Amino acid sequence: MELQYQLGFGNEFAVEALPGALPIGQSSPQLPSYGLVHEIVSATTFTAPRHLNRRTHLYRIRPSSAQPAMEQTNIELFLSAPFARAPSPNQLRWDPFDFPEGQHDFLASLVTVCGNGSAAGQHGMAIHTYLANCSMVDSAFSNADGEMLIVPEVGDLRIVTEFGVLQAIPGEFALIPRGCKFRVELLGDQARGFVCENYGVPFRLPDLGLIGSTGQANAWDFQTPVAAYEDRDVATQLVHKFAGHFWTVTLDHSPFDVVAWRGNYAPCKYDMNRFVILGTLSFDHAEPSIFCALTSPSDGVAGPNAEFMILPPRWIVSEHTFRPPGFHRNSVAEFLALITGRHEGKTGEFRPGGASLHNNWAPHGPDTSSFETGRSSSLAPQWLGGSLAFMIESRFPFSVTDAAMNRAARQTGYIDCWSGFKKRFNPRSAAPAVSAPR
Ligand code: FE2
């Protein structure tokens, strides 16, 4: 069945799977239609400024409180920051992780790569990969610690949520709000991708400043599911993450029983190929902030809690310019992953499904061969086709988990890509200063 979506980000949506399920003129009638119950989900403080306030009214078959007490589990499905290992100032890179033996659904397959801040302290994030080969069945997950931004790299996902059903394929991302119950089904044999678990304030669209009212990720390109419900009295295992720990309870019904909802707090998805990329039309480079799709702010000067950047296919037209991303050191940390194609500043060692981490102030940039190529390559207009990458930035240093540090996929010789730099400095051979090409 073709899924239906409504367009926008943070909009006041109003959807019902049965006609008349939403009350008119009030939110909490004494007797809601169809014998439903009213439940409010508030994701920001009640008095948050109107444009940042996030809450949704649900009309469902049973209230979420109609469940037995949860029991803390002794299983660590995935890890929460802070991690014991000190953040490394060294450059790190991984090949795509191999799929494990046995059957693993989305939740069971999550492997934590790195993180910062604190899940219980409600700042920072964790970055995970998933390596799934089966669907979640009669089970659900909810995460009180953070929203989950899911970025498929292999395999299509069907994500069932309290708010409806959405499908996410490679090239898209799905954003599951904090506290939202969901399950992930596979539409193929395998699924691999990344998850950013944002402990901080909810992701939102960045202000555009001088860009104007449109550009980068346009609000109308975000797709939010319409209401869809399951009326199934079947045993369902709900796993709940809270303050870094996992709790579980067996329900006697499906928790996906919301028949109608109204509000501005809901899951969504976004096709990263719709990102309107901006850049120089003359020479040099624009700052990487042109790649920002979503931001979880922290400090306007020191940097964001988390920022999700999209590097889509694009034209490179700058003249008289060293075109690959140049050598740099940043106050913020950068986690970069490749979905398809190749990265313009890296050789073939950086493959789709792979990722790199350059912590705060870690020096990085083009590897030696890309640097040499960039010095002599033609400056005709170049189409970087078939290339899609994303980057997550944070002001907070990332700690890497033992699982990721010890993984065979970690490229222990990554730093060698900058070896062999050829010194060309000669104080007796000043070249004439040449500026813009006209
Ligand atoms: Fe960088």
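Student: What makes Arg183 and Glu185 buried or exposed?

Tutor: Both Arg183 and Glu185 are buried. The label means under 20% relative accessible area, whereas exposed means over 50% and partly exposed lies in between (1.4 Å probe, protein chains only). Bear in mind that this is a predicted model, where local features need pLDDT of at least 70, side-chain atom pairs count only at pLDDT 80 or more, and totals for chains, interfaces and linings use all residues. Residues are numbered from 1 along each chain as its sequence is written, and side-chain values use heavy atoms, with hydrogens and water left out.

Student: Why is the pair Arg183 and Glu185 called a salt bridge?

Tutor: The term asks for a side-chain nitrogen of Lys or Arg within 4 Å of a carboxyl oxygen of Asp or Glu. For Arg183 and Glu185 the closest N and O atoms are 2.8 Å apart, so the pair meets the definition. Salt bridges with shared partners also join Asp138, Arg158, Arg183, Glu185, Glu230 and Arg232 into one network. By this rule the count comes to 18 salt bridges.

Student: What makes Asp233 and Arg62 a salt bridge, and which labels do they get for accessibility?

Tutor: The closest N and O atoms of Asp233 and Arg62 are 2.9 Å apart, which makes a salt bridge. Asp233 has a relative accessible area of 56%, so it is exposed. Arg62 is at 25%, so it counts as partly exposed.

Student: How do you know that Cys114 is buried or exposed, and what does it touch?

Tutor: Cys114 has 0% relative accessibility, so it counts as buried. Cys114 is found in strand β7. Contact means heavy atoms within 4.5 Å; leaving aside residues up to four places away in sequence, the residues that Cys114 touches include Phe83, Phe335, Leu357 and Phe398.

Student: What makes domain 1 and domain 2 separate units, and how much area is buried between them?

Tutor: The domain assignment gives domain 1 (69–255 + 266–272) and domain 2 (273–418); such bounds come from an automatic or database domain assignment. Their contact takes 55 residues from domain 1 and 60 residues from domain 2. The area buried between them is about 5300 Å², and carbon and sulfur atoms give 63% of that. Buried area is the accessible area (1.4 Å probe) that two parts lose on being put together, summed over both. In domain 1, Gln91, Arg93 and Trp94 lose the most area to domain 2, together 18% of what that side buries.

Student: How many salt bridges lie between domain 1 and domain 2?

Tutor: The count is two. Asp221 and Arg274 form a salt bridge, their closest N and O atoms being 3.4 Å apart.

Note on methods: Helix = DSSP H or I, 4+ residues; strand = E, 2+ residues; numbered from the N terminus.
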